[in-house]
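We will then walk through a few places in it together.

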Amino acid sequence: MKILIINGPNLNLLGRREPGIYGSNTMESCLASLRRRYPDIDIEYFQSNSEGALIDRIHAVGFDDTYRGIVLNAGAYTHTSLAIADAISAITLPVVEVHISNVASREPIRHTSLITSVCRGVIAGFGLDSYRLGIESLL
Ligand code: DQA
């Protein structure tokens, strides 16, 4: 079984980016611990700072039923991208929206998500553990 984790813009800087909000662990260490925890799941990872590349990757796996689903942290595109919402609507795989921080307790602009309504559910505010909870929600 495969699960694809997709991270959007600026999430390549995890560990260095605003550690007071996003913590000091890297995505690489998070992925290593997820792969140790779920040895039977093929956990793929993709990160891009480009909206189009994120959409292309969603399309590429979106009809492939060897995947259980997509765990998506769209970063700031969460709040702006109708195009990513449309891509999620277009595919058949379930998508779980995740956020490291509790977006509801941050600036008002982060309270709006254009993707929540087309995702299976939302996990936010548990630090990098949000990715594990996202995987759990697909099992
Ligand atoms: C984020 C929250 C977004 O508002 C922000 O733009 C990010 C990260 C999170 O994981 O908490 O880049 O998605």
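The paragraphs below visit a loop, a pair of helices and a ligand. Keep in mind along the way that this is a predicted model.

Let us begin with Gly 15. You will find Gly 15 in the loop that joins strand 1 (2–7) to helix 1 (19–22). Leaving aside residues up to four places away in sequence, Gly 15 touches Gly 23, Ser 24, Asn 25 and Thr 26.

Next, find helix 2 (residues 27–37) and helix 5 (residues 129–138), which pack at an angle of about 35° with their axes 10 Å apart. Their crossing is right-handed. Which residues of helix 2 and helix 5 meet? From helix 2 come Met 27, Cys 30, Leu 34 and Arg 37, and from helix 5 come Tyr 131, Arg 132 and Ile 135. Sorted by class, this contact has five nonpolar and two charged residues, but no polar ones.

Finally, turn to the ligand. Among the residues around the ligand are Arg 17, Tyr 22, Gly 75, Ile 100 and Arg 110. In Asn 73, a side-chain N or O atom is 2.8 Å from an oxygen atom of the ligand. His 79 places a polar side-chain atom 2.7 Å from a ligand oxygen, and for His 99 the corresponding distance is 2.8 Å. How much of the ligand does the protein bury? Taken alone, the ligand exposes 320 Å², and the protein buries 99% of that.

Definitions and conventions
Residues numbered from 1 in each chain as written. Predicted model: local features only at pLDDT ≥ 70, side-chain atom pairs only at ≥ 80, totals over all residues. Heavy atoms only, no water. Axes fitted to C-alpha atoms, helices over the stretch in contact; angles between N-to-C directions. Helix = DSSP H or I, 4+ residues; strand = E, 2+ residues; numbered from the N terminus. Left-handed = near helix turned anticlockwise from the far one by under 90°. Contact = heavy atoms within 4.5 Å. Nonpolar A, V, L, I, M, F, W, Y, C, P; charged D, E, K, R; others polar. Near = heavy atom within 4 Å. Polar contact = N/O pair within 3.5 Å; in protein donor to acceptor, adjacent residues only side chain to side chain. Areas by Shrake-Rupley, 256 points an atom, 1.4 Å probe, with all protein chains shown as cover.
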